[in-house]
Amino acid sequence: TPVDWQSKEPNQDFPVILPFDLRKYVFIYPNSIIVVAGAKSSCKTGFIYRTAALNMNHLQVILLSNMEGGEQQMRDRFDAIDIKITNPAPFLDFPCSDNFHDFIKYPDTLYLIDYIDVPESGEFYLIGGAIGKIRRKLDHSVAVIALQKPFNRDIAFGGEQTLKDAALYLAMNPGSIK
């Protein structure tokens, strides 16, 4: 069946709010991937958590977290955000360290993934494939994915393949974002 692109309404923006007032500069379509590639201690998790807090009252938000520092560290980091989060939190949080695409199940949802790491074998090239699996499962949703990168390099571990599916790619170092 041919694609009927002319019947689509123009400018159907996904209403995600991003830290640093980034939405002044970018238009986010549904089914988009946003990659936050950050060096160690560059605030990747802070970016993901703040995005959850900024969107929790107007979008369905699902946080998929590797729980790197455990539940207490997660609590401390959310408490440090200057946005009040009710108890229970108005978003879902699942511990996850692999097969993130299996959690992508709902339309019109903001998925926040903190973070995709490489298998123990060091096969960094698999990160791009994991991002592609997530993108293919999005149903009028957006995924914000944190990735580790070397300091002062813009591209995450996984190389050019991590750029392929990203509608927006942010490179973070301590104190800077581009």
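Reader: At what angle do helix 1 and helix 2 pack, and how far apart are their axes?

Author: In this predicted model, the two helices pack at an angle of about 65°, with their axes 10 Å apart. The crossing of helix 1 and helix 2 is right-handed.

Reader: What makes the contact between helix 1 and helix 2?

Author: Helix 1 contributes T45, Y49 and A52, and helix 2 contributes M74, R77 and F78. By class, the residues of this contact divide into 4 nonpolar, 1 polar and 1 charged.

Reader: Why does Y49 count as buried?

Author: The relative accessibility of Y49 is 4%, and the cut-off is under 20%. Y49 therefore counts as buried. F78, at 10% relative accessibility, also counts as buried.

Reader: How many aromatic pairs does the structure hold, and why is the pair of Y49 and F78 called stacked?

Author: The structure holds 6 aromatic pairs. The ring centres of Y49 and F78 are 4.2 Å apart, with the planes at 10°. Rings pair if their centres lie within 6.5 Å, and planes under 30 degrees apart count as stacked, so this pair is stacked.

Reader: What does the pair of Y49 and F78 tie together?

Author: Y49 lies in helix 1 and F78 in helix 2 (residues 70-80), so the pair ties together parts that are 29 residues apart in sequence. Ring pairs also link Y49 and F78 with F91 into a cluster.

Notes. Residues are numbered from 1 along each chain as its sequence is written. This is a predicted model: local features need pLDDT of at least 70, side-chain atom pairs count only at pLDDT 80 or more; totals for chains, interfaces and linings use all residues. Side-chain values use heavy atoms; hydrogens and water are left out. Rings of Phe, Tyr and Trp (its six-membered ring) pair if their centres lie within 6.5 Å; planes under 30 degrees apart count as stacked, over 60 as edge-to-face and the rest as tilted. Helices (H or I, at least four residues) and strands (E, at least two) are DSSP runs, numbered from the N terminus. Buried means under 20% relative accessible area, exposed over 50%, partly exposed in between (1.4 Å probe, protein chains only). Axes are lines fitted to C-alpha atoms, for helices over the stretch in contact, and angles run from 0 to 180 degrees between N-to-C directions. A crossing is left-handed if the near helix is turned anticlockwise from the far one by less than a right angle, and right-handed if clockwise. Contact means heavy atoms within 4.5 Å. Ala, Val, Leu, Ile, Met, Phe, Trp, Tyr, Cys and Pro count as nonpolar, Asp, Glu, Lys and Arg as charged, and the others, Gly among them, as polar.
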